[in-house]
Amino acid sequence: PLRRQRQMCIRDSHEANVFYCEAMNHLIKAIRLKFPDMIFEFNREGVYLACHAPVPELLFVSEEIFLNKRSDEVLPPEVASLTMDRLDALFTSGNTQVYEYSLQVAGGTHMFDCRLVQMDDDRALAIVRDITEVRRAQEEQRQLEQQMQQTQKLESLGVLAGGIAHDFNNILMVVMGNSELALEGLPPDSPAREYIGEIQIAARRAAELCRQMLAYSGKTTFA
């Protein structure tokens, strides 16, 4: 009886494994039919066992290019190395591996997001999505935000320049007014008239700089 029980256990275990494998295969087929992303099935050695794309153009090449080939026979060296590293990490830890890589394909460089999940002791499933447009949109958004930040900085500088020019102009008006009064109180042959004239020339130059600063800030120039 004990021997018979062992045989029944072995048979039940084998049938359970067969059922599990069949169920997984049916599930994968169902996913392939409905899933919008590319799906690749690997073994531990990085050999492509199956691949699927909802639209053939997403693969850029025919499915036959992948089947029964190692990743280093299909992918560029750096991408193949990354794929094998993540496969090793997947089968070692059992944790889903998520990473990105780029490929030079027809039309330029494309970015891909890959999620590796373990199916059983010898097989893994890679779910791959082309994220080129997403990354391009993100880069455009980043550049737009940088431009907006630069614009805000320039606007802040303009406000600051306008405020400084306005205050400095008030000081210059006092300098120029008092220099005029000083000249009126001096005799024609006074040596100080030359020095005061130099002060007025410098004040007029400073006033011109103020006008330029106000023009930069977008404010109306003063008289």
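The accessible surface of the chain comes to about 15100 Å², and carbon and sulfur atoms contribute 57% of that area. The model is a predicted one. Of the 223 residues in the chain, 28% are buried. Among contacts with a sequence separation of 6 or more, 43% join residues 24 or more positions apart.

**Secondary structure**

The chain contains five helices and five strands. Their order along the sequence is α-β-β-α-α-β-β-β-α-α. Strand S1 covers residues 38-43, strand S2 covers 48-52 and helix H2 covers 71-74. Helix H4 spans residues 132-184.

**Aromatic pairs**

Six aromatic pairs occur in the structure. In one of them, the ring centres of Phe-40 and Phe-66 are 5.2 Å apart and the ring planes meet at 55°, so this pair is tilted. The assignment follows because planes under 30 degrees apart count as stacked and those over 60 as edge-to-face, while the rest are tilted. Phe-40 belongs to strand S1, whereas Phe-66 sits in the loop between strand S2 and helix H2; the pair therefore ties together parts that are 26 residues apart in sequence. Both Phe-40 and Phe-66 are buried.

A further tilted pair is formed by Phe-42 and Tyr-48. The geometry of these two pairs is set out below.

| Pair | Centre to centre | Angle between planes | Class |
|---|---|---|---|
| Phe-40 and Phe-66 | 5.2 Å | 55° | tilted |
| Phe-42 and Tyr-48 | 4.6 Å | 45° | tilted |

Phe-42 has a relative accessibility of 4% and therefore counts as buried. Tyr-48, at 3% relative accessibility, likewise counts as buried. The threshold behind these assignments is a relative accessible area under 20%. Phe-40, Phe-42, Tyr-48 and Phe-66 form one aromatic cluster.

**Gly-177 in helix H4**

Gly-177 is located in helix H4. Is this residue buried or partly exposed? Its relative accessible area is 31%, so Gly-177 is partly exposed; that class lies between the limits of 20% and 50%. Gln-200 is 23 residues away from Gly-177 along the chain, and the C-alpha atoms of Gly-177 and Gln-200 are separated by 9.3 Å.

Methods
Residues numbered from 1 in each chain as written. Predicted model: local features only at pLDDT ≥ 70, side-chain atom pairs only at ≥ 80, totals over all residues. Heavy atoms only, no water. Phe/Tyr/Trp six-rings, centres within 6.5 Å; stacked < 30°, edge-to-face > 60°. Helix = DSSP H or I, 4+ residues; strand = E, 2+ residues; numbered from the N terminus. Buried < 20%, exposed > 50% of the residue type's maximum accessible area, 1.4 Å probe, protein only. Contact = heavy atoms within 4.5 Å. Areas by Shrake-Rupley, 256 points an atom, 1.4 Å probe, with all protein chains shown as cover.
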